[in-house]
Amino acid sequence: MSTKAIIIGLFSILVVGSGIFVATRGDTDMTATEPSPTPTGTPSASSTATAAPVQAADRSAEQRVAGTYVDYREGILGEAAGQRVLFFHAPWCPQCRSIERGIRSEGVPDGYTIIKVDYDSHQDLRRKYGVRIQTSFVKVDGSGDPQGDVYVAYDEPTFEAVKRNFLD
């Protein structure tokens, strides 16, 4: 066997092993309770919501806010308009990618801002909201306080399922 073949084989094992490690690290309990519905938004990965936050009691005003899909960053919760929904997404997760394709193709419903949170780098937010697996959705207010249960879309990884089971 050539040295090149050995190196390629070892590299392949390293890549697969790393993927398995990332997929299973720290979260041995992969089951989660089904939470309440959560909203979705229109695709615009780098856009930022700039409208003033809308009070949850004013659902009619919330519905007039165009749906958006943005990446998580410090301060986004206070800036986002309408109902805020955190989507815990991992780029290596096929279910997450499937849901994201749906968000981008179908668009986020009016009145919602879906905020994509990197599952791997935001362990602080995972702990805060009790998120145990990627594909989780959490409704929050402008202060970041949870507004219901965590919804996990892992077994039915479509945006349609998220809208049907989690969004109002």
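**A tour of the sheet and its aromatic pairs**

Start by selecting strand 4 (residues 136–140) and strand 5, which pair in the antiparallel sense over four bridges. Two strands count as paired if DSSP finds at least two bridges between them. Strands (E, at least two residues) and helices (H or I, at least four) are DSSP runs, numbered from the N terminus. While you are here, pick out valine 140, which stands opposite proline 146 in strand 5.

A word on what you have open: this is a predicted model, where local features need pLDDT of at least 70, side-chain atom pairs count only at pLDDT 80 or more, and totals for chains, interfaces and linings use all residues. Residues are numbered from 1 along each chain as its sequence is written, and side-chain values use heavy atoms, with hydrogens and water left out.

Which rings should you select? The whole structure holds two aromatic pairs. Phenylalanine 87 and phenylalanine 137 are stacked, 4.6 Å centre to centre with 0° between the planes. Rings of Phe, Tyr and Trp (its six-membered ring) pair if their centres lie within 6.5 Å; planes under 30 degrees apart count as stacked, over 60 as edge-to-face and the rest as tilted. Both phenylalanine 87 and phenylalanine 137 are buried (under 20% relative accessible area; exposed is over 50%, partly exposed in between, with a 1.4 Å probe and protein chains only).

Move on to tyrosine 151 and phenylalanine 166: their ring centres are 5.4 Å apart and their planes at 15°, so this pair is stacked. Then display lysine 139, whose charged end sits over the ring of phenylalanine 166, 5.3 Å from its centre. That label requires NZ of Lys or CZ of Arg within 6 Å of the ring centre and within 35 degrees of the ring normal.

Finally, colour residues 19–59, where pLDDT stays under 50 (the predictor's confidence in each residue, from 0 to 100). Where pLDDT is low, predicted coordinates should not be read in detail.

Key. Contact means heavy atoms within 4.5 Å.
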